[in-house]
Amino acid sequence: MIALLAVALITLLASIVPGPDFAMVTRNSYLHGRRAGLLAALGIALGVQVHVFYTMFGVALLIAGSPALFTAIKLAGALYLAVIGWKTWANRAGLVIDLHGGASVPRRQILLNGFLTNALNPKTTLFVISTYTQVVQPGTSLTVQFGYGLCMSAIHLAWFALVAVFFSQARFRMRMVSHQRTIDRLIGAVLMALGVALACANMDKL
């Protein structure tokens, strides 16, 4: 249960940080309405599963072939979370979203765009690997590992669905964007603390 809560917390924090997924949902919600934003959110949640599947396969190979290397990668993953936190905390560049109107986009295309935005994002690759290596142990069953992956997708879907609902209304969009600096500092501080704590825990195992 503690591991699942850790996955949920780290995933939520990483989802809230404005990035390509956020821009994709915001743009579709603003230009094409709430339903389009929700479809983009669903596509993003499905894209997460791409990272989950190859991470599960890679982690299984590491556990079986080189436990010491797996522990070292866990340490690197924990430090990476701290680095993400620092970059988020220190970020001074505002998120740029193209909000120029365009022709109506087919629903299937919006879903695919959301999927590809997440599935092809290298930062999501590193995030999923870093998170998984913190909670997966040699005895962790595939069922539990799939549960972690579903949790990640569910949180992405829930968060970006909220983004779609609120950002289809201009006043909410402008309010959150105007407070991005504060949000970045808060999330960055929590991610740094989590990363350092996990790194210290992994150091004891080396």
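Me: In which helix is the place of Gly 43, and what makes that element a helix?

Reply: Gly 43 has its place in helix α3. The element is called a helix because it is a DSSP run of H or I with at least four residues, whereas a strand is a run of E with at least two; the elements are numbered from the N terminus. The model is a predicted one, in which local features need pLDDT of at least 70, side-chain atom pairs count only at pLDDT 80 or more, and totals for chains, interfaces and linings use all residues. Residues are numbered from 1 along each chain as its sequence is written, and side-chain values use heavy atoms, with hydrogens and water left out.

Me: Why is Gly 43 called buried?

Reply: The term buried is used under 20% relative accessible area, exposed over 50%, and partly exposed in between, with a 1.4 Å probe and protein chains only. Gly 43 has 0% relative accessibility, and therefore counts as buried.

Me: What does Gly 43 touch, residues up to four places away in sequence not counted?

Reply: Gly 43 touches Leu 111, Gly 114 and Phe 115. Each is called a contact because heavy atoms lie within 4.5 Å. Gly 43 is also 9.9 Å from Gln 109, C-alpha to C-alpha, although 66 residues separate the two in sequence.

Me: What makes Ala 41 a buried residue?

Reply: Ala 41 is found in helix α3, which covers residues 34-65. Its relative accessibility is 0%, so Ala 41 counts as buried. Beyond four places in sequence, Ala 41 touches Val 25, Leu 157, Phe 160 and Ala 161.

Me: What is the reach of α5, and what span is expected?

Reply: The 13 residues of α5 reach 18 Å from first C-alpha to last, close to the 18 Å expected at 1.5 Å a residue. The expected span is 1.5 Å times one less than the number of residues. Within α5, the buried residues are Ile 110, Gly 114, Thr 117, Asn 118 and Ala 119.

Me: What does the corresponding check show for helix α4?

Reply: Helix α4, residues 67-90, has 24 residues and reaches 35 Å, close to the expected 34 Å. Its buried residues include Phe 70, Lys 74, Leu 81 and Thr 88.

Me: Why is Asn 121 called buried?

Reply: Asn 121 counts as buried because its relative accessibility is 11%. Asn 121 lies in the loop between α5 (107-119) and α6 (122-135). With residues up to four places away set aside, Asn 121 touches Pro 20 and His 51.

Me: Why is His 32 called partly exposed?

Reply: His 32 has a relative accessible area of 25%, and is therefore partly exposed. His 32 is found in helix α2, residues 20-32. The C-alpha atoms of His 32 and Ser 168 are separated by 8.3 Å, the two residues being 136 apart along the chain.

Me: Which residues make the nonpolar surface patch, and what makes it a patch?

Reply: Met 1, Leu 4 and Leu 5 make a nonpolar patch of about 340 Å². A patch is made of residues with over 30% relative accessible area and no salt bridge; like charges are joined within 9 Å, and nonpolar side chains (Val, Leu, Ile, Met, Phe, Trp, Tyr) within 5 Å. A salt bridge would be a side-chain nitrogen of Lys or Arg within 4 Å of a carboxyl oxygen of Asp or Glu. Leu 5, in helix α1 (residues 2-16), has a relative accessible area of 54% and so is exposed. Areas come from the Shrake-Rupley method with a 1.4 Å probe; for residues, only the protein chains shown count as cover.

Me: How many helices and strands are there in the protein?

Reply: The protein has nine helices and zero strands. Of its 206 residues, 41% count as buried. Among contacts between residues at least 6 apart in sequence, 87% join residues at least 24 apart.

Me: Which residues does the UniProt annotation "transmembrane region" cover?

Reply: The unreviewed UniProt entry gives residues 39-62, 69-89, 146-166 and 186-204. Such positions are in the numbering used here, feature names are shortened, and annotations may be inferred rather than shown by experiment. In the model, residues 39-62 are 100% helix and 0% strand, with end C-alpha atoms 36 Å apart. Residues 146-166 are 100% helix and 0% strand, with end C-alpha atoms 30 Å apart.
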